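Here are my notes for you on this one. Have the structure open while you read, and take the points one at a time.

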Amino acid sequence: MILDLDSTVETVYGNQEGAAVGANSHKPGRKSLHPLLAFEGQSRLCLNAVLRAGNVHSSRDAGNFVQETLDLLGERIVKYARFDKGFGGEEFYSLWELRKIGYVGKMKWTKRLQAEVKQCRYWKRFVDEEWIIEGITLIYQATSWDKPRRIIIIRKAQQFYGDQTQMILESDWQFEAIVTNLDWEPIDIWRFYNQRCCMENHIKEVKYGFAIDRIVTDDFTANEIDMHTKLLAYNLYERFKKDCCEPIQQGYTIARFRLEFFQCAGVMVQHSRRIVLKLANDFFNRHSWQRIANKVVLLE
């Protein structure tokens, strides 16, 4: 299993319990709640979630949250973990290392790290096309760490602008730093981390498809139960697609699925001073729906 961690901001417009002003890029200055979520990177299922006050940092109690998630999984083996630069610290990294779980996590591009990278002269080139991508490996110890760790530095620059080749200057490079305990090539670490971007789509699905961004009561505990119920519905839908739907439908969001199968086309007509709603007798995906229904019966 691959454990992907992230948090999201849920803006509120009242005085809900736990709501506070924190980091909110969409609605600066608005009160919010700040859930922490854990997804499985291959199945897209949500493994654990906790609702938190809006003014806490992403990494607040992240170690306890990870420990709880691993306990919930029981004997299921987590082989890798991925997280962004909002998570980190000696205690957090040590948790993965003690459990022998390979991790990759984005790091903040600090001045100290930047100065260390500037001393490096020998970069290994991995891609030499429209974009040039190079990488190096460092053994680096941040001021808050108890020991040095392996850091992957990736830099990339655009070689072609339109049809024109351009000379790459030092200021053209874009740098990314990733901390890891894996001994893979830098390009493989970077690509593996980038697969975590799919988690942004999972969060959008649970927010806009299953409405975890709608905070329905003033009570914090009730809102957390409501969030877990919606995440359970999301998981059931993901399993339903995998077990019962045809391959073309397994990538559907819940909004697309509702449009294809549940929303019935109709027109309102007025005749003889009467208003009549005429609904379609059939729909395009009727045979596909019948096959799905047959698979659901077999599950029972």
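1. Start inside. This is a predicted model, and its largest nonpolar core has 33 residues. The residues with the most contacts inside that core are Leu-5, Phe-92, Trp-96, Ile-151 and Ile-153. Helix H1 (residues 62-73) gives the largest share of this core, with 5 residues.

2. Now click on Trp-96. Leaving aside residues up to four places away in sequence, what does Trp-96 touch? The list is Leu-3, Leu-5, Val-66, Ala-81, Phe-83, Ile-101 and Tyr-103. Leu-5, one of these, is also among the residues with the most contacts inside the core.

3. There's another core to find, lying apart from the largest one. This other core has 26 residues, including Leu-37, Leu-51, Ile-212 and Leu-231.

4. Zoom out for the overall picture. The protein has 8 helices and 16 strands. Why call the protein more spread out than a compact globule? Because its radius of gyration is 24 Å, well over the 19 Å that the globule rule gives for 300 residues. Along the principal axes, the C-alpha atoms fill a box of roughly 85 × 55 × 45 Å.

5. Asp-183 is in the loop between strand S14 (174-180) and helix H4 (186-194), and it is exposed, with a relative accessible area of 69%.

6. Of the 300 residues in the protein, 43% are buried. Among contacts with a separation of 6 or more, 58% are between residues 24 or more positions apart. The accessible surface is about 18,000 Å², and carbon and sulfur atoms account for 51% of that. As for charge, there are 42 positive and 39 negative side chains, with the centres of the two sets 4 Å apart.

7. Most residues other than glycine have a negative phi. Arg-44, though not a glycine, has a positive phi of about 70°. You'll find Arg-44 in the loop between strand S5 (36-40) and strand S6 (46-50), partly exposed at 29% relative accessibility.

8. The other one is Ala-211, with a positive phi near 60°. Ala-211 is in the loop between helix H5 (198-209) and helix H6 (220-244). Is Ala-211 buried or exposed? Its relative accessible area is 17%, so Ala-211 counts as buried, the cut-off being under 20%.

Methods. Residues numbered from 1 in each chain as written. Predicted model: local features only at pLDDT ≥ 70, side-chain atom pairs only at ≥ 80, totals over all residues. Heavy atoms only, no water. Helix = DSSP H or I, 4+ residues; strand = E, 2+ residues; numbered from the N terminus. Rg over C-alpha atoms; globule rule 2.2 N^0.38 Å. Buried < 20%, exposed > 50% of the residue type's maximum accessible area, 1.4 Å probe, protein only. Contact = heavy atoms within 4.5 Å. Areas by Shrake-Rupley, 256 points an atom, 1.4 Å probe, with all protein chains shown as cover. Lys, Arg positive; Asp, Glu negative; His and termini not counted. Charge placed at Lys NZ, Arg CZ, Asp CG, Glu CD. Core = buried A, V, L, I, M, F, W, Y, C linked by side-chain atoms within 4.5 Å.
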